[in-house]
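Please keep the structure open while reading.

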Amino acid sequence: MIRVQRENFSVEDELKQATQGGAALGGIALFVGTVRESTPGDGGDTVAAIELEHYPGMTERELAQVEADALRRFPVDVVHVVHRIGRLEVGENIVLVITASSHRAEAFEACRYVIDHLKIRATFWKKEFLVDGTERWVDICPGCEAAACHWDDLKGLAHTHPVEPKSHHPQDHGKHLGHRHHGHHKDHGHIHNHKTVDWNGLRVGLLTLSDSRSLSQDTSGDALAKMIAGFGGDLVNREILPDDQGQIEQCLVNWADSDHLNLILTTGGTGPGPRDITPEATKAVCDKVLPGVAEEIRRQGLKQVRSAVLTRGVAAVRGETLVVNLPGSRRGSTFSLAAVADLVPHIVRMVKGGGH
Amino acid sequence: MIDVLYFAWVRERIGQGAEQIELVEGVNTVETLLNYLRDKGAPYEEALKGSHLQVAVNQVHADPETPVKDQDEIAIFPPVSGG
């Protein structure tokens, strides 16, 4: 349930409303955002009140989308969001997020997901009225950059990238706008990726390893394909194969030697199970291993789930083709790719003999 | 005609929250629309020169390349800051 309103809300009443009849709910997580007196990094100016403006229609659509995404992504039974608009004094409630699940971990994760996505997607704007009588629009979002890095589905989101003004030099007219993921705005402190990912011109292959799935059920592959497109890469080949070392090796060799791909991403077959053979197949056909790349994937993965230590994926080079093994789960594979995506163009340049 | 909506400081600098604009030839994407508006001079040039504007087409977050066509609702705004 989502609601946008001027009036204050009672946390207790909302909690009752959100969880009514939910006898099976074991864990309820709750986030309340309030008007604070000063924003970190703004020099400590004292805020007297804020005015919240929004885009009626779009705001509700965005909130409904975040709600739907959270319900699909996490095993939660309740997602309840109330956001206020209008003039609010210091200390007043701004936003409430309630999530409920049978277990606390999912409730906490979903709650964080909703507030992080709300802050980056929902069309609200804050104006601060300072005690000295001046007013200003808020255009920094403390914590949003970290949030954008935490969630795979916020990385490379087109709308987090600003629409740049046209160049003042006629010969450069509109050039920058062609590169959707070429952020130049590290300086203004909002939500843009701190890593610039630009795969323009890269030829990419995507190989899913699974004994049980078919291409139509390949949700990890679908998610990765979307990310590749988002980075501006060209997905040339996509295939799904069983966990068979010979077939995997043959495919990697063909894509590297005949199709001259710059990058092959594999997903699946990296665990300790008896059929998991992707790292062995990769190493068998590659000349050089890049341990640091795989370690970075595990290091970032560990921030998410402890089982990230179990992935045996490698990153390695065959000729001028970089091969990176990603785990098989949708979440694991997309998060792993996000962890090293910014490094790919650099590696590709180097394996071709280019310098740093 | 398209409806163009402005929010937050973009609205303040333009001096109004919404207006209707006749689409001219060559204006068919978010990028070309923004350039067209900027070329109109004051107050658009100043209001839209910021480097971190966002645009929605028919209430969906858009890219510079997103198509713009007759009857669309286009919103131009600074980075959002709710929550």
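Predicted model: local features only at pLDDT ≥ 70, side-chain atom pairs only at ≥ 80, totals over all residues.

The points below go from chain A to chain B, by way of a pocket.

1. Please read every value below as computed from it.

2. **Chain A overall.** Chain A has 10 helices and 14 strands. Of its 356 residues, 52% are buried. Among contacts in chain A with a separation of 6 or more, 74% join residues 24 or more positions apart.

3. **A sheet in chain A.** Six strands of chain A make an open sheet. Their order is β10-β9-β11-β14-β13-β12, with mixed pairing. The edges are β10 (234–241) and β12 (288–289) of chain A. Each has a single partner strand, so one side of each lacks a neighbour in the sheet.

4. Strand β13 (residues 315–318) and strand β14 (residues 321–326) of chain A are antiparallel partners, joined by four bridges. Arg318(A) has Thr321(A) in β14(A) as its bridge partner. As background, strands of a sheet pair through backbone hydrogen bonds, in a parallel or an antiparallel way.

5. **Asp69(A).** Is Asp69(A) buried or exposed? Its relative accessible area is 10%, and buried means under 20%, so Asp69(A) is buried. Asp69(A) belongs to helix α2 (residues 58–73) of chain A. Leaving aside residues up to four places away in sequence, Asp69(A) touches Tyr113(A) and Arg121(A).

6. **Ala107(A).** This residue sits in helix α3 of chain A. Ala107(A) counts as buried because its relative accessibility is 1%. Beyond residues up to four places away in sequence, Ala107(A) touches Gly27(A), Ala29(A), Val76(A), Thr99(A), Ala100(A) and Ser101(A). Val79(A) is 28 residues from Ala107(A) along the chain, and their C-alpha atoms are separated by 9.3 Å.

7. **Cysteines.** How many disulfides are there over all chains? The count is zero. Two cysteines of chain A are worth a look. Cys251(A) is buried, because its relative accessibility is 8%. Cys286(A) is buried too, with a relative accessible area of 13%.

8. **The second largest pocket.** This pocket holds about 410 Å³ of space. It is lined by 23 residues, and the closest to its centre are Arg36(A), Lys119(A), Lys126(A), Pro142(A) and Gly83(B). Which elements give two or more residues to the lining? They are β2 (27–34), α3 (104–121), β7 (124–130) and α4 (144–150) of chain A. The lining of the second largest pocket divides into 11 nonpolar, seven polar and five charged residues.

9. **A sheet in chain B.** Five strands of chain B make an open sheet, in the order β2-β1-β5-β3-β4, with mixed pairing.

10. **Strand β3(B) and its two partners.** Strand β3 (residues 54–57) of chain B is joined to β4(B) by two bridges, and the two run antiparallel. With β5(B), β3(B) pairs in the antiparallel sense over four bridges. Follow Ala56(B) across the sheet. Ala56(B) stands opposite His61(B) in β4(B), and opposite Ala75(B) in β5(B).

11. **Val68(B).** This residue lies in the loop between β4 (60–61) and β5 (73–77) of chain B. Asn28(B) is 40 residues from Val68(B) in sequence, yet the two are 4.8 Å apart in space, C-alpha to C-alpha.

Conventions: Residues numbered from 1 in each chain as written. Chains lettered and ligands numbered in written order. Heavy atoms only, no water. Buried < 20%, exposed > 50% of the residue type's maximum accessible area, 1.4 Å probe, protein only. Contact = heavy atoms within 4.5 Å. Disulfide = S-S within 2.5 Å. 1 Å grid on protein atoms, 1.4 Å probe; cavity = no way out; pocket = protein on both sides within 12 Å on 5 of 7 lines; lining within 4 Å. Points joined across faces, edges and corners; volume = space filled by probe spheres on them. Nonpolar A, V, L, I, M, F, W, Y, C, P; charged D, E, K, R; others polar. Pairing = 2+ DSSP bridges.
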